[in-house]
Every structure is written in C-alpha cells, then in structure tokens.
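This report describes selected features of the structure shown below.

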Amino acid sequence: MLMEVYYEHYLDNYNGAYWEERKILPYMVLVRNKTKRNELRTILEKDGFRCVAWNEDYSGILVNIELKRFGMIEKACKHSCINDWNYSFDEFVGEILGNRLKDSPADAAEKRDIIQQDQKLNTLVEASKSLLMGDTTQARDIINEKYPFAPVKHMARRYTTLQMMEQFFRDGFIDRYSGKRLLNPGILRVLSAKLPEAVPFHAHWKTSECHMAYWDYQPTIDHIYPIALGGQDEPENWATTSMLNNSAKSNFTLEQLGWSLKEPGDISEWDGLSEMFVSIVEKDDALLEVAKIREWYQATRTVFEAYKKQ
C-alpha cells in the first residue's frame, strides 16, 4: 500500500491510528517516460528498496530513502513530499541517490561496454602483432574469431508523414538526444517559400544551398536502437531528433556515442510553432500549392484534431 512510503509500521496499524506514528516524507520523482520509470524501479530494487505500489498509468513515484521503500502514485492528486518538489529522473538519480548507484544497471552496462571495447582493441593489437611476425594466417584467424566482420544492413524507413507528425507531437517537438526545441517542418518550408533568399531550401539538402536551420531545427524520426543492428521499426523504438543529430548518430547506439535519451516535452508548452504554421497557411492558401507544405499542413491538422478529442 502506498502509505507504507510514509509510515514505517503502516501494515501493522492501518486499521488503527497509524497517523500517530512519525510521518517520514519521501521524494517525489516525476518520470513520464515508461522506459525510464522501469529503469528507476530496477535501480531502486537492486539497491535494496522495496516496491509497495505500482501503477503504470501515472508517472509519479514516491521514494523514501530512510525507509528504503517506493511506490507509484495510484491517481493524480497532491502527495506531500520532501522540498515539495517534483524531481526529474536525472535530478533524483544524480543529486539524491548519488553514490548509492555505483552498482546500478546503467553503471554496470557502461562498465561492460568499456570492457567490451577494450577486448576489441586488444584483438586488433593481437592481430597486428601477428602481422609484425609475418603470420597473416594467425592474424586473420584472430580477427575472425574475436572481432568478426558484421556488415551493417541499410533498411528503408516505413513511416508516413502523418506517423512522423504524431511522433513529433508525442515527443513535444523536443530533440530526444539533446533536449533542444525543434520546429514543425511546415513552418520552415513556409519561411523558405516566403523568404527564399533569406531561408533557402534545396530539395536534395545541399548544405551550400540549404539554410542550416533545416539541419538544426527540422525534426525527423530516428531508431533509438538501430534497425541495422537488430532494432525494431516500431514506435517504441522511435525518437524525435534533429536532422543534424540523426546524421551524426547514423547506425551507432546511444552507448557507443555516449548519448542519453532525454525526457519528451509537453506539447501544451511547446508545439514547434505548429499552431502558428496552420494559421499562416489558412491565411494564405496559395502556400498549399507547395506539395510539402500541403503535406505537413494536412498532417498537422489531423494530429491537432486528435489531441483536441483527448
């Protein structure tokens, strides 16, 4: 029961005056991303914390450091907590748990990755030594056994313009790799249509003829775990990112790059100028003659309507 997060002997006294016992305030951790919530649960349980309540429908987690208990809030309501503050995942893990997380799954995974990279390097060193000794056969056998060539397969993306816009809205037009705000692609195309010399666009994205705003602020969908390495081409493996970061990430994993997945944004706080984009187009319907503007406009309107019904 959730009240166990506040009272040490709640189970013994819940039919009596449990409130007469000293109330120990927990921390409130607000984690909207389900994967991050489950990661926090794993970290806490590995550190000896006991889960007293868990509900996947809400993102608030109460964590009592003194009692070593935690629980998912069962409904959206006010719960007293330390500092009367909603900590993010990174704030709580970095500032509150601190050194308790030395053996957390995230740290263990990082250590395993370092060890694996060292093993790969050592394989190349070992093969090079064999070449130095003139033994190409042994060098080849070492590579084939310990660090074999694995071709990266390039697979076509299958999502539509509407699916992309739905993802951008889900992520609140936030670059999930940097945390930077992004723009609705339609507003960029409107700027290029109205101000072609100031905001030039090139159909093939030639950097010599295309404004860098497209690389910096146009969102696209990236596969968090590359499909070329076995990741799934499904929404659960999609993340909104800038064209620049998408190009930089290529077929590497977040671990290989030292990147992390940021929390999605709140569409009610930042919509990537989507509403403004729709308004500009509806005041100047000649813009709809540009195929891409029309495509992004229709997708934006459709997603807006879906959100209004929620």
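**Helix 12 and its packing**

The buried residues of helix 12 pack against helix 6 (161-170), helix 7 (185-194) and helix 11 (274-283), contact meaning heavy atoms within 4.5 Å. Those buried residues are I293, W296, Y297, A299, T300, V303 and F304; buried denotes under 20% relative accessible area, exposed over 50%, and partly exposed in between (1.4 Å probe, protein chains only). Helices (H or I, at least four residues) and strands (E, at least two) are DSSP runs, numbered from the N terminus.

**Basis of the model**

The model is predicted: local features need pLDDT of at least 70 and side-chain atom pairs count only at pLDDT 80 or more, while totals for chains, interfaces and linings use all residues. Residues are numbered from 1 along each chain as its sequence is written, and side-chain values use heavy atoms, with hydrogens and water left out.

**Residue D222**

D222 lies in strand 6 (residues 219-223) and counts as buried because its relative accessibility is 5%. Not counting residues up to four places away in sequence, D222 touches Y177, N237, W238, A239, T241, N246 and K249.

Five strands form an open sheet of mixed pairing, in the order 2-4-3-1-5; two strands pair if DSSP finds at least two bridges between them. At the edges are strand 2 (50-53) and strand 5 (86-87), each pairing on one side only.

Strand 1 (residues 27-30) pairs with strand 3 (residues 60-64) in the antiparallel sense over four bridges. M28 has L62 of strand 3 as its bridge partner.
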